[in-house]
Amino acid sequence: MNTEPTRWNPDLERWETTSRGRAVLTDPRLNKGTAFTEDERQALDLVGLIPPHVLTLEQQSSRAYAQFLAQPDDLAKNVYLAALQDRNTVLFYRLVGEHLDEMLPIVYTPTVGTAIQRYSYEYRRPRGVYLSVDAPKDVERSLRATGLGPDDVDLIVATDGEAILGIGDWGVGGINISVGKLAVYTAAGGIHPARTIPVVLDVGTNRKELMEDPLYLGNRHPRVDRETYDAFVETYVDTANRLFPGAVLHWEDFGPDNARRILARYGDRYLTFNDDVQGTGAVNLAAVLSGVRASGTPLRDHRVVIFGAGTAGIGVADQLRDALVSAGLTPDEATRRFWCVGRHGLLTEGMAVRDFQAPYARPAEEVADWSRDADLGGIPLAEVVHRVSPTILIGTSGQGGAFTEPVIRDMAASVSRPIILPMSNPTSLAEATPAQLLGWTDGGALVATGSPFAPVTHGDITYQIGQANNAFIFPGLSLGAIVAHATRMTDGMLKASADAVAEQVGSSAPGAALLPPTQQLRETSAAVATAVARAAAHDGVARATVGDDIGSRVRAAMWQPDYHPVHAV
Ligand SMILES: NC(=O)c1ccc[n+]([C@@H]2O[C@H](COP(=O)([O-])OP(=O)(O)OC[C@H]3O[C@@H](n4cnc5c(N)ncnc54)[C@H](O)[C@@H]3O)[C@@H](O)[C@H]2O)c1
Ligand SMILES: O=C(O)C[C@H](O)C(=O)O
Ligand SMILES: [Mg+2]
């Protein structure tokens, strides 16, 4: 029996609650603050607990916007919005939705990175579920404590905090990347906020300053050994899947080995995906496809250098390679179009590489007379670019400024419209800024970046900078899977998401962005979800019927930030 005092009644589209008085005001799902109607105030025992005048949601939103603008800096804005989210779900999403361009960078990349680093200092209230490797027996109890039943959850985002954006290990503070991704899911993908759970798997931290910080809120020990780690992840997956069998399991910001191992272990058994590997691969493919269109050179003729051969970099390579195969190359020919550069330079045969990097290692004879850098212990980016003359250069290294002027000028010397995608986050870790890239290539570069950048004027053209961030993929990807009742996330669904994003880019006129504008993220996500649901049906993993009305079904499934009646029971 469900003993929760509050439930959403989907048939009557209203909340039903046995709570009264302050308990109603402290539940962000129910709370409307000064917008509670006279009748609700009477029925829910709120009379006298809120000032008498009733405001509309629109009035509340414009007041909240003024409060937001009055915050002194981006971190304070993030904290302000988090507090609003804790008080009033609808108002939070109404405000964020009305100012998506301005607020996405606050609740999500890049400011979410600062909020994670400052987590134990800015802490106000808990949000989400904190699972500790030291208490695996409590995993079930903690997930049940959400009060959600088997049919109540569409999506769980989990991180272990080891590889947050490009800023590394931030332990329990990682919960904020799960929270931030879910905010994007709802604001941009219309995922019902009450049907999601943010999770952090606290397996310790290797950051000494956190372990020694008296205010640090996570487990104060190093990350556990692999066996303990795997057993804990297994407990999480089993329990989450048993309690919430329909939910998408989203993995975020795991270290490269764990990210790949988890995906390999669970990808074929559950409805699950790794955002950094697969979401990033798909958004990169979308950016490349629209760049290729603008470059005038067919996809099958491109050469790709990827700087940063980790979770994201190889995820990007894998999906791009599949696209080259679809464009007519053999798998082997396609693989040979990639030169991947890691922390010891170009991946070459004979180097100690990770198994997922191995297919891209270049033959020793090819590079025999290429110059090496003794400090690096291998062939540096500049030499690779000089030898290869790539048409596409992608940054997934987390090394701010790594695309230097000589490297970019060298690339542009042989390619008139080089596609250059510095995808690392947050902003300070971008491999180059759009202004630099457009300056060094005299406006020739086709640029998109992982973090948001303002437009750049060069000569008499103003260049819009598309954001090659997986935020263009994951909301629609999961929404499509949810609407189709998919049982797996297939490669076909990922490819469909990339194609759908690329199709949303209308123009390849000079200065046009390679990706759709952030302000249109809701429309883009609806298009992605529709394509993904169709792909799920095509791949035989959809349990729901996916017919001609799928576009309208997707739109109807998208949650909107509007107040609904709160009914006293
Ligand atoms: N735009 C997006 O949607 C998106 C998505 C995921 C990740 N990213 C960004 O990509 C970056 C990497 O993330 P990740 O999850 O792949 O991390 P990761 O740790 O798995 O990979 C980083 C890789 O960079 C390489 N590297 C590190 N130092 C280097 C150096 N000095 N020279 C050359 N290579 C070096 C290594 O090969 C390493 O494997 C981060 O900044 C992250 O924000 C962007
Ligand atoms: O979180 C983002 O902004 C994109 C990506 O998942 C990342 O790790 O950088
Ligand atoms: Mg990430």
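How do the residues of the shell around ligand 1 divide into nonpolar, polar and charged? In this predicted model, that shell holds 8 nonpolar, 15 polar and 2 charged residues.

**Ligand 1**

Ligand 1 is surrounded by 25 residues, of which T280, T311, A312, A468 and N470 are the closest. Backbone atoms of the protein take part in polar contacts with this ligand: a polar backbone atom of G166 is 3.4 Å from an oxygen atom of ligand 1, a backbone N or O atom of A309 lies 3.2 Å from an oxygen atom of ligand 1, and a polar backbone atom of M423 is 3.1 Å from a nitrogen atom of the ligand. On its own, ligand 1 has 840 Å² of accessible area, and the protein covers 89% of it. Two or more residues of the shell come from each of the elements α14 (275-295), α15 (311-326) and β9 (338-342).

**Ligand 2**

The surroundings of ligand 2 consist of Y108, T109, L165, K181, E252, D253, D275, D276, N425, N469 and N470, and these residues divide into 2 nonpolar, 4 polar and 5 charged. Side chains of D253, N425 and N469 each place a polar atom beside an oxygen atom of ligand 2, at the distances collected in the table below.

| Side chain | Atom of ligand 2 | Distance |
|---|---|---|
| D253 | oxygen | 3.0 Å |
| N425 | oxygen | 2.7 Å |
| N469 | oxygen | 2.9 Å |

Taken alone, ligand 2 exposes 260 Å², and 91% of that area is buried by the protein.

**A parallel sheet**

Five strands form an open sheet in the order β3-β5-β4-β6-β7, and their pairing is parallel. At its edges stand β3, which spans residues 129-132, and β7, which spans residues 272-274, each of them pairing on one side only. Averaged over the sheet and with direction ignored, neighbouring strands are turned by 20° against each other. In general, the strands of a sheet pair through backbone hydrogen bonds, in either a parallel or an antiparallel manner.

Technical notes
Residues numbered from 1 in each chain as written. Chains lettered and ligands numbered in written order. Predicted model: local features only at pLDDT ≥ 70, side-chain atom pairs only at ≥ 80, totals over all residues. Heavy atoms only, no water. Near = heavy atom within 4 Å. Polar contact = N/O pair within 3.5 Å; in protein donor to acceptor, adjacent residues only side chain to side chain. Areas by Shrake-Rupley, 256 points an atom, 1.4 Å probe, with all protein chains shown as cover. Nonpolar A, V, L, I, M, F, W, Y, C, P; charged D, E, K, R; others polar. Pairing = 2+ DSSP bridges. Helix = DSSP H or I, 4+ residues; strand = E, 2+ residues; numbered from the N terminus. Axes fitted to C-alpha atoms, helices over the stretch in contact; angles between N-to-C directions.
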